[in-house]
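Morning, everyone. I have a two-chain model to walk through, so let me put it on the screen.

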Amino acid sequence: MIQTKKLNFKYNDQAAFSFPDIKLGKNENLLIIGSSGIGKTTLLHLLAGLLQSDSGSINLYGQDISKLTQYELDRFRGQNIGIVFQKPHFVNSLTVKENLQLAQYLGNKVNQGRIDDILSSLNILDKKNKNPKKLSQGEKQRACIAMAIVNSPKLILADEPTSSLDDENCDRVIKLLKKQASEFNAQLVVITHDNRLKKHFKKSIKL
Amino acid sequence: MSLALLIFGIGIISLLLQLNSLIKTQMDNNLKGIDMVVGAKGSPLQLILSAVYHIDSPTGNISFEDAKKIKNNRMVGSSIDLLYGDNYKGYRIVGTEEKFLELYNAKIKEGRKWNNPLEVVVGSKIHTKLNISIDDELISSHGLRETGEQHSDQLFKVVGLLEPSNSVIDQLIVTSPESIWDLHDDHDHDKEHEHDHDKEHEHDHDEEDEHDHDEEHEHDHDEEHEHDHDDKEITAMLIKFKSPMNIIQFPRQINENTNLQAAVPSYEISRLFKLFGFGIETLTYLAYLIIIVSGFSLFINLFNSMRERKYEMALIRTLGSSRRQLSMMIIFESLILTTVGFFIGLLVSRLGVMFVSSLMEESLNYNLNSFGILNEELWLLVLSIFIGLVSSIIPALQVYNLNISETLADE
């Protein structure tokens with residue numbers, strides 16, 4: 001369902017990356033591991049359609065996203081891909097609920113019930129009407145996961161979700177991500193330098 | 001901050017526009033049908049302000065005889081005598097002819113016109129404000145200010161109330177010239193005990209005799225009352241010409257050849273407007289400058305907030321917003337700000353008009369009220385929208401060309 005071929009991306013002559021091909025079947029999760037500066041974030045951005053590759057193809061669920069226009073790419077991403085950032089980002093003038101509603105609006109998947117479902121499954125339903133700034137670090141991370149999965153994406157991309165966490169929390173977060181992914185029928189691709197995650201994934205690629 | 005500046009600028013301009021238009025319409029409204037005003041020598045502007053707008057003191061009185069000569073000139077179409085002398089609680093009592101009511105299209109709402117001396121008809125503003133009704137008796141004060149000596153022995157009787165006409169007559173108490181003459185005759189009489197009323201008459205006769213023997217004969221046929229008027233005075237006379245062409249020549253003739261003064265209201269008023277026009281213009285430019293500064297300030301605010309919200313913008317993009325959607329969001333944000341600013345500015349100006357109007361009403365018995373939106377103000381709306389648009393273009397382009405990947409990787 002996810003297939004990349006001969007992906008290349010060049011920022012400049014000093015920073016040019018070529019990535020190994022990825023092939024991932026339905027319901028398979030993937031860990032992409034690599035040390036800093038090797039192009040992990042670049043790969044994630046390529047997969048998310050935030051960057052466009054110089055050469056090669058990315059086929060997501062039958063769609064070659066390297067052939068989409070900027071506009072189509074934005075739409076495709078909004079509907080099929082959820083991203084969990086290393087640091088949680090929100091629109092700070094909106095509450096948690098409004099942030100989720102914005103995501104639904106932009107992904108064209110408005111569904112009030114789903115927001116409550118997700119928030120309660122992540123145990124932060126009571127923070128619904130709070131400003132994301134006022135949440136604790138853990139709550140922020142969970143709210144960020146909620147943002148990523150609110151539109152029932154087929155693919156969840158997570159960028160270093162555990163790098164700043166201790167072992168205990170690291171375990172908790174990755175389990176939560178996997179649980180949410182399977183619960184909502186999404187594939188999970190985690191990109192990290194964190195070797196602690198290896199044991200949680202059957203399939204991994206080293207950059 | 002930028003919004004406050006915008007509100008301030010819009011408010012000032014709109015206030016100036018409103019006041020300008022209100023004063024102009026009010027002035028023009030009262031100018032209808034008056035080509036020329038004749039009165040005593042003095043400042044022409046003062047003559048106009050006192051006789052047409054009833055806000056300044058009159059330049060003095062002129063003799064009835066002299067006025068008559070002008071009236072009989074073939075160039076004069078119609079004329080209306082005005083006579084001042086008294087006020088009731090600061091409102092002027094004008095002795096005049098019935099034509100005065102027609103001039104302002106004033107209709108009797110209740111009661112009738114005056115038939116006898118000391119009967120008055122009261123303007124709408126006054127009877128509503130002071131709660132005057134038919135058959136009330138008013139004690140007038142001498143002069144045009146409330147503080148004048150009271151004529152407590154002679155009472156004006158209210159016989160009619162006027163409908164609102166939105167002109168100066170709303171602020172006037174109208175009566176016949178005889179009322180004022182009689183009142184002041186008696187008044188003088190009271191003061192000078194030695195003088196006898198009849199004696200005075202005889203004295204007048206003598207003078208007349210010396211002047212003209214042929215007329216003397218006619219005088220004898222006249223009623224005693226009529227005769228009285230010949231040596232009486234009036235304050236001013238409103239004149240309408242037979243042909244508009246006379247406006248150039250006739251006033252000059254009067255000013256040069258008689259001891260009267262003629263002034264053309266339309267000319268004096270445009271002179272007055274030129275005088276304050278300079279101030280209004282300067283203020284208007286200043287206000288436009290403020291609006292432009294507000295535009296800059298808005299731009300800088302948006303620009304800075306875009307830098308602060310870069311991550312938010314990138315996030316919104318990753319959530320599936322297109323570049324255009326996001327740029328439009330920035331433009332709309334700015335448009336909403338400036339449009340809201342425009343309406344608040346308009347509100348501020350209306351409060352200003354109300355304030356100025358209440359001031360003018362108190363000090364000049366003059367009122368301005370109309371809250372319609374002027375065409376010029378629609379231009380201000382266009383200007384606000386334009387400023388909102390222009391100041392948001394660069395931030396919107398910034399967002400449009402935002403490199404999401406770089407922004408997100410940059411954290």
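Housekeeping. This is a predicted model, where local features need pLDDT of at least 70, side-chain atom pairs count only at pLDDT 80 or more, and totals for chains, interfaces and linings use all residues. Residues are numbered from 1 along each chain as its sequence is written, with chains lettered from A and ligands numbered from 1 in the order in which they are written.

Chain B: 15 helices and twelve strands. Helices are DSSP runs of H or I, at least four residues, strands are runs of E, at least two, and both are numbered from the N terminus. Of its 411 residues, 35% count as buried. Buried means 20 or more other C-beta atoms within 10 Å of the residue's own, with C-beta atoms placed from the backbone. Among chain B contacts between residues at least 6 apart in sequence, 77% join residues at least 24 apart. A contact is two C-beta atoms, placed from the backbone, within 7 Å.

Now the interface. 16 residues of chain B touch 22 residues of chain A. Which elements of chain B give two or more residues to that side? They are α12 (310-318) and α15 (404-409). α12(B) gives the most, with six residues. By class, the chain B side has seven nonpolar, five polar and four charged residues. Nonpolar here is Ala, Val, Leu, Ile, Met, Phe, Trp, Tyr, Cys and Pro; charged is Asp, Glu, Lys and Arg; polar is the others, Gly among them.

Stay on α12(B). Its buried residues run Met313(B), Ala314(B), Leu315(B), Ile316(B), Arg317(B) and Thr318(B). After the helix comes Gly320(B), with a positive phi near 115 degrees. α12 of chain B also reaches across: it is among the elements covering the buried residues of α2(A). Those buried residues, in α2 (residues 70-80) of chain A, are Asp74(A), Arg77(A), Gly78(A) and Asn80(A).

Next, packing around α14(B), residues 375-400. The axes of α1(B), residues 2-31, and α14(B) come within 10 Å and cross at roughly 165 degrees. Axes are lines fitted to C-alpha atoms, for helices over the stretch in contact, and angles run from 0 to 180 degrees between N-to-C directions. The pair is therefore roughly antiparallel, a term for angles over 145, while under 35 degrees counts as roughly parallel. On the α1(B) side, the contact includes Leu6(B), Ile10(B) and Leu17(B). In class terms, this contact has five nonpolar, two polar and two charged residues.

What about α11(B), residues 265-308? Its axis comes within 9 Å of that of α14(B), crossing at roughly 25 degrees. That makes α11(B) roughly parallel to α14(B). The residues in contact include Phe299(B) and Phe303(B) of α11(B), and Ile387(B) and Val390(B) of α14(B). The tally is twelve nonpolar, four polar and no charged residues.

Last, chain A strands. β1(A), residues 2-10, runs antiparallel to β5(A), joined by five bridges. Gln3(A) has Asn59(A) as its bridge partner there. β1(A) also pairs antiparallel with β3(A), residues 22-24, over three bridges. Pairing takes at least two DSSP bridges. Ile2(A) sits opposite Leu24(A) in β3(A). With β2(A), residues 16-19, β1(A) makes four antiparallel bridges. Phe9(A) faces Phe17(A) in β2(A). These two strands form a hairpin, with five residues between them.

Definitions and conventions:
A residue is buried if 20 or more other C-beta atoms lie within 10 Å of its own, exposed if 12 or fewer, and partly exposed in between; C-beta atoms are placed from the backbone. Angles under 35 degrees count as roughly parallel, over 145 as roughly antiparallel, 65 to 115 as roughly perpendicular and the rest as oblique.
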